[in-house]
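Student: Please take me through one part of this structure closely, and then show me how the rest is arranged around it. Give me the cut-offs for the terms as you go.

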Amino acid sequence: MGPARKDPEEVGAWLVRTVQDVTDLAISLDTMNPVAMEAGLKLCKKRPLLNSASGKADSKAGMMQLALKYNTQVIISVITDQGCPPDVDSRVESIMDTVAYANELGIKNEDIWVDPIILPVSADQKQVREALEFIKILADLLPGVKSVVGLSNVSNGTPAPLRGILNRTYMLMLEKNGLYSAIADVLDPELIELNKGGMPGIRGLVNKIMEGKSVNIGDLDELDRNYVNTARVLLGETLYSHAWLES
Amino acid sequence: MEYKAPLETYSGRVKEVVIGKRDKAVKIGGENILPLHYFEGNAANKPKVALEIDDSGAVGWPEWVREPYKDVVSDPVRWAKRCLDLGADLICLRLESTDPQGANTSAEEAAALVKKVVAEVETALIVYGCGDDKKDAEVLSRVAEVCRDENLLLGPAVKENYEPLGRAVADNGHCIIAQTPIDINLEKELNVKLLKQLPPERIVIDPLSSALGYGMEYSFTIMERTKQIGVIHGDFAMQMPIIADLGGECWKTSQAKASREQGILWEGITAMSLLLAGANLLVLRHPDNCRMIKEAIDGKL
């Protein structure tokens, strides 16, 4: 819903009603506005996922309390009042603090979905790898929590026709590192196919790149080559440019 | 046991670009080391210094940088020869008058002037357009044709005009300046696009040079990263030499206009910094700085 500045109560309630008219699935409710959030949560028939809380002081006081009051599952991101932590260590520090706070309130790890915050590869290539590393160690840090990412943000700023392959490759890479779930572009049929375990050859190639094994790019067809080059860019092995598939 | 200092060696090498031809040729790049780290490996060519001239009579240049040329600024050929007498390795001719916001000289006139300078001046030539991407594509393409096979360094090619300009440069035997606005990702993108038209030995990177106090540290960082990515990480699309076109940027600052001493220092410090960052070719205006930077390059400072 975004900030839902106008009539937040009405908008929150309308949206949940409208969605529940067409599906019985549980709802992940996303707004920065606590009034809109509460109005929506009140109407959810299935146990919802509150998207999202964070380590920011106003989030701890607002969203976290709503999660408790309505007994929701809750996404907790690594963001703090200082912004998005710049590397793995500071992401760890932030999430440990915020989850400890949630635990003290009575929210169990099993109800927490951790969001490492995905940043665009075109804006800050290093962050893409930091989030990957974070997902890899999350299960050891906080047993029982799930993970979730806003996947398409990795390709924000990249020309539209090229966004899909960044999203898809990054999904495979995050999955290899243990990612539990992603908020993703369901209108991308190739992404859905990969998500269902299709295209094992592509998955195998991406895994090889992540494991540092050598891949002879000359032996590959264009599709395979594109995934390999994309994985290398997302790992930070080659410098990103909008022309990364052309080099 | 004798102590031997450990040395870093790198897998990448900056491409050698040759500007001009025969005895007028000037070579830049070719190193497999970080800037000025001569002890680490091998640098085929030391950085080179160009002095700048234009076709508009140095309009707007502060008097202390105009002074060494004041009797020749209306004649680009004599001005270029003066620059060589003052120690420049090569000449950078800026076609200021082609600017549609200014005198709007035609492509034909500009090309005729370049041809004349090429014929009469005993060194390699860099030719910069006025910075209007449409006009530059027209003017520089014509310069490329009229001066066919003279192997000029022509630019700037930017995102908006690299296709026609790259074609004209490739078809007529010249080198091109790939210019992007202080952004490493856009820099690589333009290089990748130009590499489809030209070999890397015919491309020079212009990441935009800002003056001291006006964002020089951004230019420094981009040049430094370009070298690291090309030399240390061996990225083929980032292995072209770098041009630091900084004289004009420095001499338009209020600090440079305030006094002779301050102006020379402003350009000198900017030049020295960007030399350390990895520039292979510097475009300057004041002869004192040309001399000083060349001494620094030769290790005499």
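Tutor: In chain A, strand 4 (residues 112-115) and strand 5 (residues 146-150) run parallel and are joined by 2 bridges. Strands are DSSP runs of E of at least two residues, helices are runs of H or I of at least four, and both are numbered from the N terminus. Two strands pair if DSSP finds at least two bridges between them. Within strand 5 of chain A, A:Ser147 is the residue opposite A:Val114.

The model is predicted, so local features need pLDDT of at least 70 and side-chain atom pairs count only at pLDDT 80 or more, while totals for chains, interfaces and linings use all residues. Residues are numbered from 1 along each chain as its sequence is written, with chains lettered from A and ligands numbered from 1 in the order in which they are written.

The pair belongs to an open sheet of 6 strands in chain A, ordered 1-2-3-4-5-6 with parallel pairing. Strand 1 (28-30) and strand 6 (181-183) of chain A are at the edges and have a single partner strand each, so one side of each has no neighbour in the sheet. From one strand to the next, the twist averages 30 degrees; such angles run from 0 to 180 degrees between N-to-C directions, and axes are lines fitted to C-alpha atoms, for helices over the stretch in contact.

Strand 2 of chain A contains A:Ser52, which is joined to A:Asn51 by a cis peptide bond with omega of about 10 degrees. Most peptide bonds are trans, and most residues other than glycine have a negative phi.

Now the helices of chain A. Helix 2 (residues 34-43) of chain A has as its buried residues A:Ala36, A:Met37, A:Glu38, A:Ala39, A:Gly40 and A:Leu41. A residue is buried if 20 or more other C-beta atoms, placed from the backbone, lie within 10 Å of its own, exposed if 12 or fewer do, and partly exposed in between. Their cover includes strand 1, strand 2 (49-53), helix 1 (8-22) and helix 4 (63-69) of chain A.

Helix 5 (residues 88-105) of chain A holds A:Ala102. A:Ala102 has 23 other C-beta atoms within 10 Å, so it is buried. Leaving aside residues up to four places away in sequence, A:Ala102 touches A:Met64, A:Ile76, A:Ile107 and A:Ile112; a contact requires two C-beta atoms, placed from the backbone, to lie within 7 Å.

As a whole, chain A has 10 helices and 6 strands. Its radius of gyration is 19 Å, close to the 18 Å of the globule rule for 247 residues, so chain A is as compact as a globular protein of that length. That radius is taken over C-alpha atoms, and the rule is 2.2 Å times the number of residues to the power 0.38. Of the 247 residues in chain A, 41% are buried.

Ala, Val, Leu, Ile, Met, Phe, Trp, Tyr, Cys and Pro count as nonpolar, Asp, Glu, Lys and Arg as charged, and the others, Gly among them, as polar.

Chain B has 11 helices and 10 strands, and 52% of its 301 residues are buried. Two of its helices, helix 4 (residues 133-146) and helix 5 (residues 162-171), pack with axes 9 Å apart at an angle of about 10 degrees. Helix 4 and helix 5 of chain B are therefore roughly parallel; that word covers angles under 35 degrees, with over 145 roughly antiparallel, 65 to 115 roughly perpendicular and the rest oblique. Their contact divides into 7 nonpolar residues, 1 polar and 1 charged.

Chain B also has a cis peptide bond, between B:Gly155 and B:Pro156, with omega of about 5 degrees. B:Pro156 is in strand 6 (residues 153-157) of chain B. B:Ala58 is not a glycine, yet has a positive phi of about 55 degrees. It sits in the loop between strand 3 (48-54) and helix 1 (63-66) of chain B, and is buried, with 21 other C-beta atoms within 10 Å.
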